[in-house]
Amino acid sequence: MAAMKAFSPEETQRILHHLQQPAVFMNMTGGWPVLRWTAEHLSDCLGDKLIRFRLGRKEETNTPLFETQCSYVEARLQQFLSWTQDQAEADVGPFFKYPRSQYWAYADYKYIAMLFQDQPSMFEDVKWSEFGFEGRTGKESTLWIGTAGANTPCHLDSYGFNLVLQVQGRKRWHLFPPDDTVKLYPTRIPYEESSIFSQVDVLHPDLRRFPKFQGARAHVVTLQPGQVLYVPRHWWHYVESVDPVTVSVNSWIELEVDDVARVGEAVTKAVVCALKSDDNTGDWLNPTEEGVASHNENMQCVNLAVRACADRPRSLCHGELTQHPRDGRPAKRDSRGQIRKNSDVVGDPAPFSVPFGPNLIPVRCQREHTPKITKAPEVRSSRMCDVRCQEERVVGSDAAPRAKCAAAVRLRQEHCGVTQCRSCDCAEGTSEDSSGDYEESIHTTITTDDLLDCLVHPDVIARVTELLLERHTGSHSDTTPS
């Protein structure tokens with residue numbers, strides 16, 4: 001006998017259409033075969049298949065640990081399990097180089113369609129149809145397997161919204177609303193299509209560099225097995241595994257408004273690749289990307305994205321749900337070609353109150369949540385981009401050009417939200433009277449990454465997208481980041 005569900009598929013669709021904040025669905029996945037997908041069960045299913053794991057050090061650095069800074073190994077799932085269990089003389093494969101006490105491991109963002117391409121019957125274990133997405137299964141989902149401490153850096157997804165099912169162990173989610181974007185200090189380096197990263201370590205923020213983060217509104221929830229988290233469009237999130245082994249499955253659900261977002265993503269990719277392809281400083285391309293496309297290819301993507309917006313029915317409202325991602329792949333990665341439309345949008349003119357209660361729990365802002373804060377004493381560094389001090393020091397015949405430099409620094413601070421250039425390795429000392437210190441501060445080298453933080457800032461890309469659509473489609477689209 002099928003387990004009783006808290007909401008019918010039609011009710012769930014109506015709820016998703018009206019939800020404006022993260023929420024946890026309870027009592028919706030009873031009887032789903034995917035709940036048997038423990039790491040041990042998956043190990044039996046996958047056998048000798050090699051899986052790529054990302055490994056990171058368990059240390060507090062006050063900066064995000066991006067994927068470009070991690071180590072990677074390919075191993076069998078059984079070797080991973082042996083490593084997590086500290087089994088004496090067990091075969092841990094390449095994990096032997098990484099002491100478990102010092103590292104966490106994460107098999108993240110694995111397409112189930114590819115992982116189980118020779119076992120397609122397993123797709124049916126994931127039943128998103130019970131959330132009103134008819135025909136949507138594990139084939140349009142991704143799998144995540146990690147150890148305690150394994151995490152995804154704080155970021156927002158450019159496309160769609162996210163449904164996340166916790167299968168084994170617990171994961172803690174720190175979510176921030178779109179309105180907090182300026183407080184999260186967005187960056188596109190490392191570059192990953194459809195992901196905007198935060199420069200802030202949200203658990204151990206450096207408020208000297210990122211003072212606005214102190215006003216960010218964290219919504220924190222620990223997701224338990226069997227629960228499904230709804231992550232609304234453009235909500236920032238940092239995710240960390242709590243228990244020794246965790247397994248989760250998610251699916252990104254495409255929205256009609258993603259058509260406009262794809263234009264912005266295509267523009268971003270063209271700009272980033274154009275500026276960084278000849279700049280070999282640092283690891284700027286996320287390992288999830290498949291190499292650098294040529295400028296001609298990137299411009300083709302821009303034109304395809306603009307054309308898709310031009311072909312969009314004018315009557316469609318932003319934010320309407322579609323039931324299937326393009327190409328049968330999770331919507332997060334969709335950015336090329338024509339967009340599949342779905343006329344069965346969720347519309348509801350009648351007043352509706354979201355039925356929060358024991359079966360639908362809102363993830364509320366936790367003002368009492370205070371991360372461990374790193375804040376240096378109030379000492380002025382000679383290399384800090386301190387506009388006020390620079391203006392005070394402007395004297396003599398060089399006042400005008402120096403004032404222009406100070407104005408340029410102020411402009412970067414206001415638009416990019418940073419109080420210190422990436423290239424500044426702050427000295428602890430200060431010398432208020434030294435003209436040499438002033439010259440160094442004024443003429444701090446602006447790096448390509450500093451420039452990109454301004455050029456592809458979400459607010460700038462939104463305006464560029466708007467101008468492109470006005471010019472090439474004759475229409476005005478609401479591209480304001482939400």
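Reader: At about what angle to E5 does helix H3 run?

Author: This is a predicted model, in which local features need pLDDT of at least 70 and side-chain atom pairs count only at pLDDT 80 or more, while totals for chains, interfaces and linings use all residues. Residues are numbered from 1 along each chain as its sequence is written, and side-chain values use heavy atoms, with hydrogens and water left out. Helices (H or I, at least four residues) and strands (E, at least two) are DSSP runs numbered from the N terminus, and angles run from 0 to 180 degrees between N-to-C directions, with axes fitted to C-alpha atoms, for helices over the stretch in contact. Helix H3 (residues 77-84) lies across strands E2 (51-57), E3, E4 (103-111), E5 (142-147) and E14, and its angle to E5 is about 30°.

Reader: Which strands form the edges of the open sheet of nine strands?

Author: Two strands pair if DSSP finds at least two bridges between them. The order in this sheet is E3-E2-E4-E5-E14-E7-E12-E1-E15, with antiparallel pairing. An edge strand pairs on one side only, and this applies to E3 (71-75) and E15 (360-362).

Reader: Within that sheet, which residue of E14 stands opposite Val164?

Author: Strands E7 (residues 161-168) and E14 (residues 245-253) run antiparallel and are joined by seven bridges. Opposite Val164 stands Asn250.

Reader: Which helix packs on the sheet and touches E1, E7, E12 and E15?

Author: Contact means heavy atoms within 4.5 Å. The helix in question comprises residues 9-18, and its direction makes about 175° with that of E1 (23-25). The helix is H1.

Reader: What is the geometry of the aromatic pair of Phe7 and Phe25?

Author: Rings of Phe, Tyr and Trp (its six-membered ring) pair if their centres lie within 6.5 Å; planes under 30 degrees apart count as stacked, over 60 as edge-to-face and the rest as tilted. The structure holds 21 aromatic pairs. Phe7, in the segment before H1, and Phe25, in strand E1, are 18 residues apart and link distant parts of the chain. Their centres are 6.3 Å apart with 90° between the planes, and the pair is edge-to-face.

Reader: Are H6 and H11 roughly parallel or antiparallel to each other?

Author: The axes of H6 (residues 258-276) and H11 (residues 448-455) come within 11 Å and cross at roughly 165°. Angles under 35 degrees count as roughly parallel, over 145 as roughly antiparallel, 65 to 115 as roughly perpendicular and the rest as oblique. The two helices are therefore roughly antiparallel.

Reader: In the open sheet of six strands, which residue of E13 is the bridge partner of His155?

Author: The strand order is E9-E10-E6-E13-E8-E11, with antiparallel pairing. E9 (186-192) and E11 (219-223) each have a single partner strand, so one side of each is left without a neighbour in the sheet. Strands E6 (residues 151-157) and E13 (residues 236-241) pair in the antiparallel sense over three bridges. The partner of His155 is His237.
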